[in-house]
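Here is a short briefing to read alongside the model. Take a look at the fold, then follow the notes below.

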Amino acid sequence: MAHHLLEGKKGLIFGALDESSIAWKVAEAAHAEGARMVLTNAPVALRMGKIQQLGEALQAPIIPADVSNQEDIKNLWEKTLEHFGGPVDFVLHSVGMSPNVRKKRPYYDLKYDWLHKTLDISAISLHRILQEAWHMDALAEKASVVALSYIAAQRAFPSYNDMAEAKALLESIVRSFGYHYGKRKGVRINAVSQSPTPTTAGTGVPGFDTFLAYAEKNSPVGNATAEDCARFCVMLFSDYTEKLTMQTLFHDGGFSMTGISEDLMDIFSAAHDTE
Ligand SMILES: NC(=O)c1ccc[n+]([C@@H]2O[C@H](COP(=O)([O-])OP(=O)(O)OC[C@H]3O[C@@H](n4cnc5c(N)ncnc54)[C@H](O)[C@@H]3O)[C@@H](O)[C@H]2O)c1
């Protein structure tokens with residue numbers, strides 16, 4: 001059920017690859033609430049993914065940009081400003097990629113040029129996007145920027161590998177740029193630390209199914225789905241959250257605040273009884 005929360009707002013959405021992508025669901029939810037959007041993804045994702053379908057459904061132009069390429073980001077902002085005829089009201093950063101994870105290098109045997117790539121694509125890209133926006137004055141007064149994160153920024157999840165470093169850096173950029181852009185234009189910047197979610201990036205993490213099942217059992221209200229995340233992002237883009245900024249918001253069904261649930265205790269005691 002839509003509430004016209006984003007009526008008249010203009011947004012830029014990074015990272016919709018296919019229907020399972022969190023960014024895809026966010027774009028659909030924002031559209032249902034009345035927003036107009038520009039969609040962007042890496043040139044390779046435009047060839048391999050299904051973003052054209054989403055663009056047609058939402059009547060949103062698609063502008064290619066590799067987030068690790070400053071020229072691409074500059075061009076993306078220029079075209080976006082031209083399309084809307086003015087600055088944007090919200091941005092979703094929903095981008096992550098680690099060559100070390102993809103190529104199954106363990107954390108204690110990383111390739112450092114791949115680590116640089118992980119950090120560049122998954123975290124420094126947020127800085128690139130905001131810095132370019134700053135110079136071009138591409139964000140409207142009180143605009144809202146949301147970046148997607150994961151609790152491996154705070155706690156050890158071994159198979160999440162160097163993406164943990166990327167998320168810690170991403171959350172730091174959220175705070176640091178949140179300060180500067182807040183002072184300059186009342187722009188708010190937050191990270192949403194989301195439950196494990198079955199997407200292309202999510203399922204690429206070794207042991208993803210176990211992450212998902214464990215988080216489900218250890219979250220009093222259950223894992224947050226991509227659709228749940230989309231509704232939360234709509235709220236963050238809306239005028240109802242103008243004083244919320246520089247935060248990491250755990251959108252995880254209570255996982256981050258639960259030590260151990262009774263469900264997990266039951267599983268372990270059943271296993272113990274059968275020993
Ligand atoms: N799926 C999960 O379990 C989960 C949990 C918490 C946070 N997140 C975060 O959510 C975000 C979105 O991921 P998702 O789970 O929807 O998976 P996804 O695979 O659908 O999205 C990742 C996106 O990053 C894009 N991307 C990769 N390299 C790029 C580049 N160089 N330039 C531009 N775009 C590039 C991909 O094309 C893709 O669209 C990521 O930041 C991810 O870390 C995911």
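In which hand, left or right, does H4 pass H6 in their crossing? The crossing is right-handed, meaning that the near helix is turned clockwise from the far one by less than a right angle. This is a predicted model, in which local features need pLDDT of at least 70, side-chain atom pairs count only at pLDDT 80 or more, and totals for chains, interfaces and linings use all residues. Residues are numbered from 1 along each chain as its sequence is written.

**H4 and H6**
- Helix H4 (residues 70-84) packs on helix H6 (residues 112-136) at about 50 degrees, with axes 10 Å apart.
- Gln 70, Ile 73, Lys 74, Trp 77 and Leu 81 of H4 meet Arg 128, Ile 129, Glu 132, Ala 133 and Met 136 of H6 (C-beta atoms, placed from the backbone, within 7 Å).
- This contact has 6 nonpolar, 1 polar and 3 charged residues (Ala, Val, Leu, Ile, Met, Phe, Trp, Tyr, Cys and Pro are nonpolar, Asp, Glu, Lys and Arg charged, the others polar).

**H1 and H10**
- The axes of H1 and helix H10 (residues 226-237) come within 8 Å and cross at roughly 55 degrees.
- Their crossing is right-handed.

**Around the ligand**
- The ligand is surrounded by 26 residues (C-beta atom, placed from the backbone, within 6 Å).
- H8 gives the largest share of this shell, 3 residues.
- The shell divides into 13 nonpolar, 12 polar and 1 charged.

Key. Helices (H or I, at least four residues) and strands (E, at least two) are DSSP runs, numbered from the N terminus. Axes are lines fitted to C-alpha atoms, for helices over the stretch in contact, and angles run from 0 to 180 degrees between N-to-C directions. Two residues are in contact if their C-beta atoms, placed from the backbone, lie within 7 Å.
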